[in-house]
Each structure stands twice: as C-alpha cells, then as structure tokens.
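Please load the model in your viewer and keep the selection tool at hand. The tour goes from one selection to the next, with a note on what is there.

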Amino acid sequence: MIKHIVFWQIKDELEKQIVMPKMKQMLTSLVGKIDGLVSAEVGFNYNGGDYDIALYSVFESKEALAIYADHPEHLVVKKYVHEVIKGRTAVDYEI
C-alpha cells in the first residue's frame, strides 16, 4: 500500500470558504472512479500554520499512484487546484 499525503496553501484568503469545500468534494469523488485509489480523506487545518487543506489518500501500489497522476479525472481536479493554490508539498511512502 502507498500513502499519498498532500498539503496546500490557498491563494486567496477570502475565497477559502468556497475553494476548500470544492477541493474536498472533487478529490474525494475520485474514489471509485480511478482503479487502485483505495481511499481519500480531506481535512481543513484549524490550527494555523503554513497549509490550509490536507489530502490523505491510499493506493494499492506505486503503479496505481502513477496511473492516478495521469488519469483524466484527476487531471481535471489538478487543473482546478493549481488555479486556487499558492503552495503545495507532498509525501508518498510505502507501508
């Protein structure tokens, strides 16, 4: 299993109330649409710090994560996310 964790900074402070729920809905809706994506959980940071929103997702394998990265459904989400963020960091690890 592969864990894929991503943190994002939202570009516009005033837009967070709109942007973050939309990102959550878009990201979690990918489960069941992309083979190998086991689960996706999205949370909003309430504790300060550099990042506003987090994705915690699980994949069956490294190959499944690679398929997800280029999957058309994911690319639609990625396009939106890149329009509304100013920063991103990610960690992938195998368990």
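Begin by selecting helix H2, residues 62-70, and show its surroundings: the buried residues of H2 pack against E1, helix H1 (16-28), strand E2 (37-44), strand E3 (53-59), helix H3 (72-84) and strand E4 (85-94). Helices (H or I, at least four residues) and strands (E, at least two) are DSSP runs, numbered from the N terminus, and contact means heavy atoms within 4.5 Å. The model is predicted, with local features requiring pLDDT of at least 70 and side-chain atom pairs counting only at pLDDT 80 or more, while totals for chains, interfaces and linings use all residues. Residues are numbered from 1 along each chain as its sequence is written, and side-chain values use heavy atoms, with hydrogens and water left out.

Stay on H2 and colour Ala64, Leu65 and Tyr68, which are buried; that word stands for under 20% relative accessible area, with exposed for over 50% and partly exposed for what lies in between (1.4 Å probe, protein chains only). Looking down the axis of H2, you will find that its buried residues fall within an arc of 100°, so they line one face of the helix; the arc is that of the directions from the helix axis to the C-beta atoms. An α-helix has 3.6 residues a turn, so residues three or four places apart point the same way. Then select Lys62, Glu63 and Asp70, exposed residues carried on the face of H2 that is turned away from its buried side.

Next, go to Ile2, which is found in strand E1 and counts as buried at 4% relative accessibility. Leaving aside residues up to four places away in sequence, Ile2 touches Ser57, Val58, Phe59, Ser61, Lys62, Leu65, Tyr93 and Glu94.

Follow strand E1 (residues 2-10) along to Gln9, which is buried with a relative accessible area of 19%. The residues it touches, not counting those up to four places away in sequence, are Asp50, Tyr51, Asp52, Val84, Ile85, Lys86 and Gly87.

Now select Pro72 in helix H3, which counts as exposed at 57% relative accessibility. The C-alpha atoms of Pro72 and Ile34 are separated by 9.4 Å, although the two residues are 38 apart along the chain.

For the largest pocket, select His4, Tyr68, His74, Lys78 and Arg88, which lie nearest its centre among the 13 residues that line it. Elements giving two or more residues to this lining are E1, H2 and H3, and H3 provides the largest share, four residues. The volume of the largest pocket is about 210 Å³. A pocket here is an open set of points on a 1 Å grid over the protein atoms alone, where a 1.4 Å probe fits, with protein on both sides within 12 Å along at least five of seven lines; lining residues have an atom within 4 Å of a point. The volume is the space filled by probe spheres set on the points, which are joined across faces, edges and corners.
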